[in-house]
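I opened this notebook page to record what I looked up, entry by entry, with the structure on the screen beside me.

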Amino acid sequence: MWRAQRRHGREGPPPLTEAATPQPALAVEHLSKAFDGRIVVNDVSFSLEPGEIVGLVGLNGAGKTTTINMILGVLAPSSGSVTIAGLDLADHREAALGVVNFSAVYAPLPGNLTVAQNLRIFGMIYDVPNLTDRIGEMIDMFDLARYRDTRCGLLSSGEQTRVSLAKALLNKPRLLLLDEPTASIDPSTADTIRGHIRDYAAREKGAVLWTSHNMYEVAAVCTRMMLLSRGRILIEGDPRTLPTEHGAASLEDLFIGLSREPDERASS
Amino acid sequence: MKMRRIGAIVLRQIYLLRGSPTRVLPLFAWIAIDVMLWGFITRYLNAIASPGFDFVPAMLGAVLLWDFLSRVMQGVTMAFFEDVWSRNFLGIFASPLSRAEYVSGLVLTGIGTSLVGLAVMIALASSAFGLSFLSYGPAIIPALLVLFLFGIALGVAGSAMVLRLGPAAEWLIWPLPAVLSPFASVFYPISTLPVWMQPISLALPPSYVFESLRAITNGGHANYTDLTFALTLSLGYLVAAAAFFAHVYRVCVRTGLIARYSAESVS
């Protein structure tokens, strides 16, 4: 608390407009996690600037979700630190998580509550001002008006994902974590959602960490991407220029090549 | 602590109760059954026993007060289990909601639901069997407070156990009051218990409540020193239960249990 107050003179992050030098929305430094001696995330460091959309890609089990869980404060790192909008997560959990939100396929909203009820409860938890109006905006943005009073458990997986995204944007987060947000959505709706997220990042200057296995999506949405393999960041850069820089025909070829490389090194 | 966040946990339970008769019914159904069952038993005992002793406050009162403690505990754990059943831990624990706000929300929910049960219990027991809690005199106030605080402590500790051991552990939590009841001297004095059980009984705040209420029904007086001690003991258990929940939460964050809760991987 003392460190943040010294920095900002109060609890909580400063508004973006006030900061002389904008704080990174997220700064991850030397983050590692081991389970029973098995290293899952290994000395990972990166940062996200306000308004930036960064892709985090990698094979299943590469450490993406573990990294996201550590940023969300539900998993303690073995070493390293997570700083959100200038607030150290370990020391200022509530204030830091107040400016974060997330959507993940493995974290659906309670199916026994309606769309409007879920948004109201999470809006209260995130202390969203003018909550009724904000819920209306989110319902309009994600085309959920006809499901407002439907229990989430009765919605299709694509509709549930849209509700989860509506919840994720309720508090206009400074940092938005999206774990495969379009995985169960039809191409047309996925395209609309990508547009909403891009608009959000541009308008609200919110940073977005986006995990996906869809390389087309990463190239279309992200201004920067990181490829995680066996808990380490192998490469980082602009997804549109990375393939050429590494002599690959496409981003997908680069992904496949680099993801297999450690195995080939291990077997040789 | 923000009241709005605590209110969110309470509001969630109100939404669930409003939309689900299967959640509303247990708030008073089991209590009503207990009132009927034990009411008739005490009526029968009054008919066959020698006149002068009234079994209604001695037995029916004791059963219902123990029921009250159970309902308080279940009110807290039920609200917690809603997050277990709907796999909502990530949504709750990856939010700015603090542990204290979350547990306060569970406790407030437990207070609300147990008060419904208490009201039904008083109405039924007095109208059908003439039991009035007022017959215990002013001692009923600290007695209810002790049972209430100890019920909350059990609920918080039970929730922590389920958080640590996984969803299936809820079946260890439901029978907790039944497991404790032989030690809590609900129907008999502590001196009836074998020597090895008596220290356990003396460590349980409800024992002092039932000893005092039994003294009143036998024509004596409540022991307010014991009731004050029981109140202090209950507060101690509540603080210990909150500390246990905080400890379990920290263990779960360190080991990753919250993120992979459904795997029930105790480590």
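Before counting anything, I noted that two residues are taken to be in contact if their C-beta atoms, placed from the backbone, lie within 7 Å. I also noted that this is a predicted model.

**Entry: chain B as a whole**

With that cut-off I looked at contacts in chain B between residues at least 6 apart in sequence, and 76% of them join residues at least 24 apart. I then went through the secondary structure of chain B and found 11 helices and zero strands. The radius of gyration of chain B is 20 Å, close to the 18 Å that the globule rule gives for 267 residues, so chain B is as compact as a globular protein of that length. Along the principal axes, the C-alpha trace of chain B spans about 60 × 40 × 30 Å, and buried residues account for 46% of the 267 residues in this chain.

**Entry: where chain B touches chain A**

I looked up both sides of the contact and found 24 residues from chain B and 23 residues from chain A. On the side of chain B, the elements that give two or more residues are helix H1 (3-18), helix H4 (89-93) and helix H11 (224-255) of chain B. H1(B) gives the most to that side, with eight residues. Sorted by class, the side of chain B that touches chain A holds 12 nonpolar, seven polar and five charged residues.

**Entry: helix H4 of chain A**

Is helix H4 (residues 115-125) of chain A enclosed by the rest of the structure, or is it open? I found that 10 of its 11 residues are buried, so helix H4 of chain A is largely enclosed by the rest of the structure. Among the buried residues of H4(A) are A:Gln117, A:Asn118 and A:Arg120, along with A:Leu119, A:Ile121 and A:Phe122. I then asked what the buried residues of H4(A) pack against. They pack against helix H5 (131-141) and helix H6 (157-169) of chain A, together with H1 of chain B. Just after H4(A), I noted that A:Asp127 takes a positive phi of about 55°.

**Entry: domains of chain A**

The domain assignment of chain A gives domain 1 (2-99 + 173-267) and domain 2 (109-172). The contact between them takes 13 residues from domain 1 of chain A and 11 residues from domain 2 of chain A. On the domain 1 side, the largest share, five residues, comes from helix H7 (residues 187-204) of chain A, and the residues of that side divide into six nonpolar, five polar and two charged.

**Entry: the sheet of chain A**

I traced four strands of chain A that form an open sheet in the order E2-E1-E4-E5, with antiparallel pairing. The edge strands, each of which pairs on one side only, are strand E2 (38-48) and strand E5 (87-88) of chain A. Strand E1 (residues 26-35) and strand E4 (residues 79-84) of chain A are joined by five bridges; in E4(A), A:Val82 is the bridge partner of A:Val28, and A:Ser81 stands opposite A:Glu29. Two bridges join E4(A) to E5(A), and there A:Ile84 has A:Leu87 as its bridge partner. E4(A) and E5(A) form a hairpin with two residues between them, and A:Ala85 in the turn has a positive phi of about 45°. Finally, I noted that helix H2 (residues 64-71) of chain A lies across E1, E2 and E4 of chain A, running at about 120° to E1(A).

How values were computed
Residues are numbered from 1 along each chain as its sequence is written. Chains are lettered from A and ligands numbered from 1 in the order in which they are written. This is a predicted model: local features need pLDDT of at least 70, side-chain atom pairs count only at pLDDT 80 or more; totals for chains, interfaces and linings use all residues. Two strands pair if DSSP finds at least two bridges between them. Axes are lines fitted to C-alpha atoms, for helices over the stretch in contact, and angles run from 0 to 180 degrees between N-to-C directions. The radius of gyration is taken over C-alpha atoms; the globule rule is 2.2 Å times the number of residues to the power 0.38. A residue is buried if 20 or more other C-beta atoms lie within 10 Å of its own, exposed if 12 or fewer, and partly exposed in between; C-beta atoms are placed from the backbone. Ala, Val, Leu, Ile, Met, Phe, Trp, Tyr, Cys and Pro count as nonpolar, Asp, Glu, Lys and Arg as charged, and the others, Gly among them, as polar. Domain bounds come from an automatic or database domain assignment.
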